[in-house]
Structure formats: structure tokens, C-alpha cells
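The entries below record what I found.

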Amino acid sequence: MSGPDPFCQPRRLRRGAALTLVFASVLVAGAATGSLPTSDRKPTPGATRTAASAARPDEVTEAAAEAMAEGKSPMEAAQRAVSRSGDRWDAVYSRGEYEEFKEALDGEYTGVGLSARRERDGRIEVTEVAAGSPAAGAGIRAGDRLRSIDGTKVDGRPVTEVVSLLRGDATDAAAGTSVRLGLERGTRAWTQTLHRARLSTDSVTSQKLSDDVTAIRIGAFTKGSGDIVRNAVRQAPAASGIILDLRGNSGGLVAEAVTAASAFLDGGLVATYDVDGEQRALHAEPGGDTARPLVALVDGGTMSAAELLTGALQDRGRAVVVGSRTFGKGSVQMPSRLPDGSVAELTVGHYRTPAGRSVDGHGITPDLEADRQALQRAETILTGLGQ
């Protein structure tokens with residue numbers, strides 16, 4: 001497993017709703033939000049409670065207001081009210097957590113620019129160093145072994161804990177704060193002090209695999225990622241088919257997922273959703289490339305906005321979906337600001353694919369099941385589609 005520093009999401013967002021805050025603002029401003037899991041453990045897919053049985057925003061706000069009037073914690077009172085709903089996606093966030101969450105969706109984070117994975121023997125190995133980052137400036141390279149962080153040995157620890165130490169989550173470390181790393185390269189061992197910085201993520205990458213195949217990977221739907229996908233499609237060689245890699249994509253800004261869908265569709269329906277019983281729809285923009293062969297790669301880590309995109313491409317016959325069944329997160333959340341500035345995220349509805357399929361608790365079944373060598377299978381299919 002690996003744990004890239006850039007895509008580790010805000011502090012303490014390991015509660016249920018942190019996996020996706022799916023439609024946080026599409027309901028009010030035309031853009032929806034989601035987030036990336038920071039824990040290796042994910043909730044077991046299953047149907048959530050309906051919006052009618054979930055906590056109501058006014059009930060939670062009232063509980064928080066009463067607590068504040070009594071000199072008690074509004075956030076704790078809201079959390080108790082939310083917990084009674086039984087909805088696994090309902091959650092309450094402090095003002096700082098929510099602000100940091102929104103910053104992450106803008107494609108920014110505070111860190112040193114290291115990605116790492118844990119080897120089978122428990123060693124933590126650097127897998128990638130972001131260009132222009134503090135780690136790159138210190139000469140740290142992929143393949144280096146990370147032995148300790150601020151004196152804490154990291155061998156055998158989950159990558160999520162290692163990332164948390166790098167970011168300084170326990171102390172809410174800001175840009176400019178220092179972190180001391182114990183490193184090893186071959187027979188050389190040394191200690192390096194870095195200063196954390198505000199860095200940007202590359203949520204979309206494009207790679208030419210051959211003359212006939214271009215792979216576009218979307219790690220998350222952060223601000224601007226939809227346009228990056230459209231540009232990548234336009235810049236791909238004219239005869240090249242596309243592999244759209246959505247594996248491990250836990251969602252993000254739904255408006256960006258709709259823009260990404262517009263790269264492959266000539267307008268039309270992307271998804272429908274309900275808000276307190278009122279039906280609404282999301283549509284692609286006209287003018288997308290509908291001729292290129294397209295394969296979408298998915299797995300159990302494909303969630304939320306990524307499932308919305310997958311469902312649209314599959315239902316409309318635009319892509320062959322390859323991989324394993326997706327996670328199954330299709331509920332709609334609405335943010336409510338509480339008296340102390342904290343935010344409650346509460347389920348208000350669910351979305352469906354263009355064919356009317358419910359994703360929540362079910363996920364999307366690929367057209368072709370593939371686990372190992374899924375990318376190679378996708379290339380083979382894509383070559384056949386292009387003939």
C-alpha cells in the first residue's frame with residue numbers, strides 16, 4: 001500500500017462522512033464536494049438510512065444553539081444529535097477542519113512533498129518526491145528509506161500514521177514549521193530537517209502508453225481537474241484511445257466530475273439527484289469527444305463523484321468499464337453552519353445514474369471484472385475497440 005503526502009486529506013477526517021461530502025455545495029452554488037479517505041479501513045458498503053430518517057439540519061442546529069446558551073459545547077451537542085440519526089455519512093466538523101477540507105479540494109496541502117509506502121518487511125520507503133518541494137530541495141530521492149520522524153521510529157507503522165507525522169497533524173502544524181527526518185540510502189544514514197510548505201497537488205496526470213493508448217489518471221476531483229481532463233483528451237494523439245483511470249479516486253468536487261464527463265459526451269444527462277424529495281439533474285456540456293475508444297478503470301476505492309462519472313459513461317454506452325465493483329457511495333449531503341462556526345454534514349438525498357440505477361450501497365459493477373493486470377486488460381480491450 002502507499003500513502004502519498006499530497007493526497008492525504010485534512011486532520012481527523014476519518015469519520016464516516018469524511019469519505020465523501022458528496023454534494024456539499026452543488027445544492028447552493030453549483031459545485032459539490034467530497035474528500036479522500038485517510039484511513040486504510042473503509043466502512044462496509046451497504047444501504048444508508050433515507051433522508052427522511054436522517055438527522056434534520058434544524059434539529060442539529062437547535063441542539064447546538066441550546067448547548068451554547070447553556071454554556072456547553074455546541075459541537076458536542078451537534079455530534080450527539082447526528083449520532084442518533086444512524087446515518088454513517090452524517091458528521092460534524094470544527095471550523096478549522098472544514099476550512100482545511102475546503103483548501104484540500106482547491107488542490108493544496110501543507111507538507112514536505114513526500115509519498116511513501118510500507119514494504120512487506122515493515123520498512124517505509126519514499127516512492128515519490130514532488131518537484132519544488134522541501135523534500136526535493138533537500139535532495140531526498142525515491143527509494144530512500146524513511147526511518148524516523150521527529151525521533152519517532154516509523155518502521156511497521158501504517159502509512160496513514162507516517163503521513164500524519166509528516167504533516168504534523170497532532171499539533172496542527174502550519175507552513176514553516178520544522179520536521180526532522182531520519183533517512184537511509186544504501187549504507188548511508190543521516191538526519192535531515194525540513195520546513196513544511198504550502199504545496200499543490202497534481203490530481204490529474206496523463207501518460208502516453210503507446211502510439212494507440214493514452215492513460216489519464218484522476219486521483220481526485222479537485223478544483224480545475226475537469227478542465228485538465230478535457231485538455232488532456234484534446235492533446236492526446238488523434239488516433240489514440242483513452243484509458244480513464246479512476247482507481248482509488250474517492251470523489252471530490254462533483255462539478256469537476258461533470259466537467260470531466262463533458263470531455264467524452266456531447267451534452268446530455270450525467271446524473272439525477274433528489275434533495276428533500278425534489279428531483280434535480282446534472283448535464284454534460286456539448287462538444288465532447290464521442291469518437292475515441294474509451295475504457296474506464298475502477299476498483300473498490302472508486303467512490304462518490306468518481307462513481308457518478310463512471311455510471312454516466314457506462315449507462316450512455318460511452319466507455320467499457322474494467323476492474324472491480326466500486327465502493328457504493330451515492331448519498332447527498334448538505335452542510336449546515338452551527339452557532340460556534342462548526343459545520344454539520346447531513347444526508348438529504350441520493351443520486352442515480354442516467355439509467356436510474358442507485359449507486360448507494362450497491363456500487364457499479366464493471367463490464368469486465370479484472371483485479372491483477374487490470375491496466376493490461378484495459379489496453380487489450382482498447383486496442384480491440386479501435387479496430
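I worked on a predicted model, in which local features need pLDDT of at least 70, side-chain atom pairs count only at pLDDT 80 or more, and totals for chains, interfaces and linings use all residues. Residues are numbered from 1 along each chain as its sequence is written, and side-chain values use heavy atoms, with hydrogens and water left out.

Entry: helix 10. I took helices (H or I, at least four residues) and strands (E, at least two) as DSSP runs, numbered from the N terminus. Helix 10 (residues 374–385) has 12 residues and spans 16 Å from first to last C-alpha, close to the 16 Å expected at 1.5 Å a residue. I found Ala374, Ala378 and Leu382 to be its buried residues (under 20% relative accessible area, 1.4 Å probe, protein chains only). They cover an arc of only 75° around the axis, which places them on the same side of helix 10; the arc is that of the directions from the helix axis to the C-beta atoms. Their cover includes strand 12 (213–218) and strand 16 (294–298).

Entry: helices 7 and 8. The axes of helix 7 (residues 225–235) and helix 8 (residues 254–262), lines fitted to C-alpha atoms over the stretch in contact, come within 7 Å and cross at roughly 15°. Helix 7 and helix 8 are therefore roughly parallel (angles under 35 degrees).

Entry: Ser148. I located Ser148 in strand 6 (residues 145–149). Ser148 is buried, with a relative accessible area of 16%. Not counting residues up to four places away in sequence, Ser148 touches Lys153, Val154, Arg180, Leu181 and Gly182 (heavy atoms within 4.5 Å).

Technical notes. The expected span of a helix is 1.5 Å times one less than its number of residues. Buried means under 20% relative accessible area, exposed over 50%, partly exposed in between (1.4 Å probe, protein chains only). Axes are lines fitted to C-alpha atoms, for helices over the stretch in contact, and angles run from 0 to 180 degrees between N-to-C directions. Angles under 35 degrees count as roughly parallel, over 145 as roughly antiparallel, 65 to 115 as roughly perpendicular and the rest as oblique.
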